[in-house]
Amino acid sequence: MVEVNIEFVTIDRNSRTPLVVLKEKKGDSKRILLIWIGESEAWAIENQLKKLSPPRPITHDLLKNVIDTFSGKVNSVCITAIEDSTFYAEVTLELNGKTYELDSRPSDALALAVRCEVPIYVEEKVIEENGFLEAEVKKEKPTKRDAKDVLENLDDDIAKHYTV
Amino acid sequence: MVEVKVDYISTDKNTGTQVVILEQICGDPIHRLMIWIGESEAAAISTFLDKKSTPRPMTHDLLKNIVDTLSTTVNAVHITKVEESTFYAKMSLKTDTQEISIDSRPSDAIAVAIRCNAPIYVDDDVLENHGFLEKENQDG
């Protein structure tokens, strides 16, 4: 497993779908993983990253409130697999010293992770087979590129491989 | 407190917003209540009511899994008040030893209640002041 950060949330211009960009936390040449997500989950992640507090608790706030109320603790989340273009994730929940892995969509896992301030992991195989090497992308324009440029290199063929 | 059930999900023709129509279970006349909700919560409610299966757990399915994992049950949900056109709700969760209410939007509370087979209640004042009788329903 490798630890990643949420680099940013954006809209994929090709599919007009929200997209979350995860970037490897450590290493010289960091890998980037793109995951297409739903609008409300994108909003839930973005809202928290920008520390905006909506007037009423949104669904992922409620998830966290329920966990906190019953003395549960989210330890981490992990993007575990991709099958038929669908990403799978798990939320590791701890209660009374026991841990439980809850099946989840990556978008929900990420929205929960940013609220609980816990690490986000990706299985090595997932990032190996589906990640972009940041350095690779940088080759064409070595000086000005950042992760955002990855998105500009996306074409429909690549986009087809990623849906959540 | 008056027990209601989800009658249907519709779209408000004026605003294009999703609405959930709650219907009083017992009583004469039957009151209904219309609450404006978000698209994804509307989808979460209608997907479950239509017994559609989704390839991956939706957010409220995850919430139910969390509730189950925490060894608690959703006892009931309550639509408690309306302030400045915003509806407030509470989810009542119960363990062996305690019962705790958690602040929630009605849409989330309803999406969880139907998954957990928990009753949905509306405060008397809310139904009286914001409810309507069937013949008054202009929405069709």
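# A walk through two chains

Left-handed here means that the near helix is turned anticlockwise from the far one by less than a right angle, while clockwise would be right-handed. Helices (H or I, at least four residues) and strands (E, at least two) are DSSP runs, numbered from the N terminus.

Before moving on, please note that this is a predicted model, in which local features need pLDDT of at least 70 and side-chain atom pairs count only at pLDDT 80 or more, whereas totals for chains, interfaces and linings use all residues. Residues are numbered from 1 along each chain as its sequence is written, chains are lettered from A and ligands numbered from 1 in the order in which they are written, and side-chain values use heavy atoms, with hydrogens and water left out.

**Stop 1: still in chain A**

Two packed helices are described by the angle between their axes and the distance between the axes. For α1(A) and α3(A), residues 106–116, the angle is about 15 degrees and the axes are 9 Å apart. Axes are lines fitted to C-alpha atoms, for helices over the stretch in contact, and angles run from 0 to 180 degrees between N-to-C directions. The two helices are therefore roughly parallel to each other; angles under 35 degrees count as roughly parallel, over 145 as roughly antiparallel, 65 to 115 as roughly perpendicular and the rest as oblique.

Now show the side chains: Glu41(A), Ala44(A), Ile45(A), Gln48(A) and Leu49(A) of α1(A) meet Ser107(A), Asp108(A), Leu110(A), Ala111(A), Val114(A) and Arg115(A) of α3(A). Contact means heavy atoms within 4.5 Å. These residues divide into 6 nonpolar, 2 polar and 3 charged. Ala, Val, Leu, Ile, Met, Phe, Trp, Tyr, Cys and Pro count as nonpolar, Asp, Glu, Lys and Arg as charged, and the others, Gly among them, as polar.

Next, pick Lys51(A), in the loop between α1 and α2 of chain A. Its phi is near 55 degrees, a positive value in a residue other than glycine.

**Stop 2: helices of chain B**

Select α1(B), residues 39–49, and α3(B), residues 106–116: their axes come within 9 Å and cross at roughly 20 degrees. That makes α1(B) roughly parallel to α3(B), and the crossing is left-handed. Among the residues making this contact are Phe48(B) of α1(B) and Ile110(B) of α3(B). The contact residues divide into 7 nonpolar, 1 polar and 3 charged.

**Stop 3: two single residues**

Pick Pro29(B), in the loop between β2 (18–24) and β3 of chain B. The peptide bond from Asp28(B) to Pro29(B) is cis, with omega near 0 degrees.

Then go to Met1(B), in the segment before β1 (2–11) of chain B. Met1(B) and His78(B) are 77 residues apart in sequence and 8.2 Å apart in space, C-alpha to C-alpha.

**Stop 4: the largest pocket**

Finally, select Ile37(B), Gly38(B), Glu41(B), Arg105(B) and Ser107(B), which lie nearest the centre of the largest pocket among its 32 lining residues. The lining divides into 12 nonpolar, 13 polar and 7 charged residues. Elements of both chains each supply at least two lining residues, including α1 and α2 of chain A and β5 (86–94) of chain B.

On a 1 Å grid over the protein atoms alone, a pocket is an open set of points, where a 1.4 Å probe fits, with protein on both sides within 12 Å along at least five of seven lines; lining residues have an atom within 4 Å of a point.
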